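Hello,

Here is the structure I promised to hand over. Please open it first, then read my notes below.

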Amino acid sequence: MSEVRIAAEPRTAFGKGAARKIRRADKVPAVLYGHGIDPKHLTLPGHEVLLALRTPNVLIRLKGEGVDELALPKGVQRDPIKGFVEHVDLLLVKRGEKVTVEIPVTTVGDVNSEGLLDQQLVSIGVEAEATHIPTGVEVDVEGLVIGTVITAGQLQLPKGATLTADPESVILQVINKPIEAPAEGEEAAAGEAAEAAEGETAEASAAE
C-alpha cells in the first residue's frame, strides 16, 4: 500500500470553540496516539484528509513540525448532514508491525438465476503488516445455488493477511427469491373475475 503524505501542524488550542475555528479554515483537528507515546494533537488540511479517507485503511505519512510518522485512521467523525470530516483519530504504526483492521468484502459474478444473493457482512477483520494492508477480499459467487453458505473461514484472504473474525461468521448465502405479489391492477382484475364467476354461479343456481 502506498503512503499518502499529509502536512501536519501542532495544535495547542482545544475545546469546541478552537475546533470550530480550525474547521472554518478548512482544516481538521486530529489526535495521533499509540506505541505508548503521549497523544499528539494536530491540525490537518481538510481537503487532503477527505481525499485520503476515500481509501479504506489508508496509510498516512504525517510530516510537519516535530512530526514524521506513519499512521492509520482509527476513528473519523463526520458532519451528519454535510459529510465533511470533523475530527480524526490516528494510530501510530511502524513498518513490520502487525495491525488489525477491517477490509471490505466484495462479490464477483452472479448466483444461479433461481436464487438471490444475501450478503450479511460487507467487511471482515484481518491482521496484516501495517504497510501491506490488503484493499479487500473478493468472493466469486458465479453459479452458486440456493442453500450455499460461505463463512469467514472459507474466504481466500490476500497473501500476508490472517483472519481475526470468527471463522463461522456467515459472509453470504444464496436464498430463494421472494414470491412477487401481484400488482395493484392485477389484484383488481383478479377480484373482478372472481366476482363475475360468483355471479354466474348464482344465476345458474337460480335457473335450476
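S5 and S6 form a hairpin with 6 residues between the two strands. In its turn, Gly83 has a positive phi of about 85°. Please keep in mind that this is a predicted model.

S6 covers residues 85-93. The pairing of S5 and S6 is antiparallel and runs over 8 bridges.

S4 spans residues 59-64 and S5 spans residues 67-78. Their pairing is antiparallel too, over 5 bridges. Lys63 sits opposite Asp68, which belongs to S5. S4 and S5 make a hairpin with 2 residues between the strands. Gly66 in that hairpin takes a positive phi near 75°.

Next, the surface. Four residues gather there in a patch of positive charge: Lys16, Arg20, Lys21 and Arg24. Arg24 is part of helix H1, which runs over residues 16-24. Is Arg24 buried or exposed? Its relative accessibility is 65%. The cut-off for exposed is over 50%, so Arg24 counts as exposed.

Last, a loop. Asn112 lies between strand S7 (98-108) and strand S8 (115-119). Asn112 has a relative accessible area of 28%, so this residue is partly exposed. How far is the C-alpha atom of Asn112 from that of Ile146? The two atoms are separated by 7.5 Å, while the residues are 34 apart along the chain.

Best wishes

Key
Residues are numbered from 1 along each chain as its sequence is written. This is a predicted model: local features need pLDDT of at least 70, side-chain atom pairs count only at pLDDT 80 or more; totals for chains, interfaces and linings use all residues. Side-chain values use heavy atoms; hydrogens and water are left out. Patches are made of residues with over 30% relative accessible area and no salt bridge: like charges are joined within 9 Å, nonpolar side chains (Val, Leu, Ile, Met, Phe, Trp, Tyr) within 5 Å. Accessible areas come from the Shrake-Rupley method with a 1.4 Å probe; for residues, only the protein chains shown count as cover. A salt bridge is a side-chain nitrogen of Lys or Arg within 4 Å of a carboxyl oxygen of Asp or Glu. Lys and Arg count as positive and Asp and Glu as negative; His and the chain ends are not counted. The place of a charge is taken as NZ of Lys, CZ of Arg, CG of Asp or CD of Glu. Helices (H or I, at least four residues) and strands (E, at least two) are DSSP runs, numbered from the N terminus. Buried means under 20% relative accessible area, exposed over 50%, partly exposed in between (1.4 Å probe, protein chains only). Two strands pair if DSSP finds at least two bridges between them.
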